[in-house]
Amino acid sequence: MNTVTGEETIVTTTSDLSTATVDVQDASIPTLGFGTARMSGDECQRAVERALEVGYRHVDTAQLYDNERAVGEAIAASDVAREDVFVVTKIHRRNAAYDDALESTRASLERLGLSTVDLLLLHAPSSRAPLEETLQAMNELQDEGAVEHIGVSNFSVEQLEAARDGSETPIVANQVKYHPYHHQDELLEYCVDNDVCLTAYSPLAEGAVPGDDRLAEIGDPYDKSAAQVALRWLIQQPNVAAIPKASRDEHIEANAALFDFELSEDELAAVADVGDGLWNRLAATIGLR
Ligand SMILES: NC(=O)c1ccc[n+]([C@@H]2O[C@H](COP(=O)([O-])OP(=O)(O)OC[C@H]3O[C@@H](n4cnc5c(N)ncnc54)[C@H](OP(=O)(O)O)[C@@H]3O)[C@@H](O)[C@H]2O)c1
């Protein structure tokens, strides 16, 4: 689906939940992912199974979340083929030293019941080891086939630049907090310029967005909620994927219903303006207007 904004076109790739992707460097990352933090055991397994059933093809977990086993069980139980699911996990920052990165990732794979993950992130910058050391381990995990792509999380522009310089293979994603109240203009500009996916975590501001009347009003003409407007705003931006978390079925389903409407340029700006009003600057910088 394309949205024409003045002379520029925002490309949101293909047009439905199961096929929409952010294509960067050698990776094709499903635009809408399913967040799993603060869910574990049966609750997590059931939610991930439901998400796969309704069309999500990207699941985000982490060593920190203590739910890799439940995520793996959901993938195994699902009718969706393993190769159709983009599985992301993250090395805990305390496991950033070379041996720990290797061992903890192998343990993640075992818990997930998978021979490979699609994307391995370093969860956050770490003082446990120089970044190059962690990246060397991540590159080796790729060489041995345990990991398809690598990336980082909670990295600033400068830290992302250092990661790109220090890795033998492409850094395809930086997962950071991004929602209407927390903008990422400088980082997004960098990601667009350097073909990196910006994965938006806490895209619903951990549950604050759904109660926002200003966002709900923008969604009214489309019969969409505040949460759907915020998620649509994110995925309509170049290089942006979003990973909302939901445990309730109605939320899992609502957050997936983003591919039958598109926000106009004015509506995109209005969503940004509920935050700190940086959208106009961002849009000008990355050439959306
Ligand atoms: N890399 C990192 O450092 C990092 C940090 C934070 C998060 N993350 C990732 O990002 C994912 C998402 O972030 P998050 O979990 O912090 O928060 P979030 O996705 O911004 O918000 C989740 C909250 O919103 C509620 N919700 C979801 N859909 C809704 C809807 N349509 N209407 C009303 N309420 C709705 C959920 O309720 P219910 O659960 O009751 O349905 C839950 O309370 C995490 O799960 C994790 O995978 C990564």
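This is a guided tour of one predicted model, stop by stop.

**Before you start**

Residues are counted from 1 along each chain in the order its sequence is written. Because the model is predicted, local features need pLDDT of at least 70 and side-chain atom pairs count only at pLDDT 80 or more, while totals for chains, interfaces and linings use all residues.

**Stop 1: the whole chain**

Show everything as a cartoon. The protein has eleven helices and twelve strands. Helices (H or I, at least four residues) and strands (E, at least two) are DSSP runs, numbered from the N terminus. Of the 289 residues, 48% are buried. A residue is buried if 20 or more other C-beta atoms lie within 10 Å of its own, exposed if 12 or fewer, and partly exposed in between, with C-beta atoms placed from the backbone.

**Stop 2: the sheet**

Select β5 to β12. These eight strands make an open sheet with parallel pairing, in the order β5-β6-β7-β8-β9-β10-β11-β12. Which strands stand at the edges? They are β5 (34–35) and β12 (240–242); each has a single partner strand, so one side of each lacks a neighbour in the sheet. Strands pair here if DSSP finds at least two bridges between them. In general, strands of a sheet pair through backbone hydrogen bonds, either parallel or antiparallel.

**Stop 3: β7 and Ile91**

Now select β7, residues 86–91. Six of its six residues are buried. Both faces are covered: Phe86, Val88 and Lys90 are on one side, and Val87, Thr89 and Ile91 are on the other. Strand β6 (residues 58–60) runs parallel to β7 and is joined to it by three bridges. Histidine 58 has phenylalanine 86 of β7 as its bridge partner.

Zoom in on isoleucine 91. Is it buried or exposed? Isoleucine 91 is buried, because 29 other C-beta atoms lie within 10 Å. Leaving aside neighbours within four places in sequence, isoleucine 91 has contacts that include Gln63, Ala96, Leu120 and His123. A contact means that the C-beta atoms of two residues, placed from the backbone, lie within 7 Å. Glutamine 63 is 28 residues from isoleucine 91 in sequence, and their C-alpha atoms are 6.1 Å apart.

**Stop 4**

Leucine 121 stands opposite glycine 151 in β9. Axes are lines fitted to C-alpha atoms, for helices over the stretch in contact, and angles run from 0 to 180 degrees between N-to-C directions.

**Stop 5: α8 and the core**

Select helix α8 (residues 226–235), which lies across β11 (197–201) and β12, at about 150 degrees to β12. The largest nonpolar core has 83 residues, of which Cys197, Ala230 and Val271 touch the most other members. The largest share of this core, eight residues, comes from α8. A nonpolar core is a set of buried Ala, Val, Leu, Ile, Met, Phe, Trp, Tyr and Cys residues joined through C-beta atoms within 7 Å.

**Stop 6: α5 and α6**

Select α5 (residues 157–166) and α6 (residues 185–194), whose axes come within 10 Å and cross at roughly 25 degrees. The two helices are therefore roughly parallel; angles under 35 degrees count as roughly parallel, over 145 as roughly antiparallel, 65 to 115 as roughly perpendicular and the rest as oblique. From α5, the contact uses Val157, Leu160 and Arg164, and from α6 it uses Glu186, Leu187, Tyr190 and Asn194.

**Stop 7: a hairpin and a loop**

Select β3 (residues 21–24) and β4 (residues 27–30), which pair in the antiparallel sense over four bridges. Aspartate 23 is bridged to serine 28 in β4. The two strands form a hairpin with two residues between them, and glutamine 25 in the turn has a positive phi of about 45 degrees.

Finish in the loop between β11 and α7 (213–219), where alanine 205 lies. Its phi is positive, near 50 degrees, although alanine 205 is not a glycine. Alanine 205 is partly exposed, with 19 other C-beta atoms within 10 Å.
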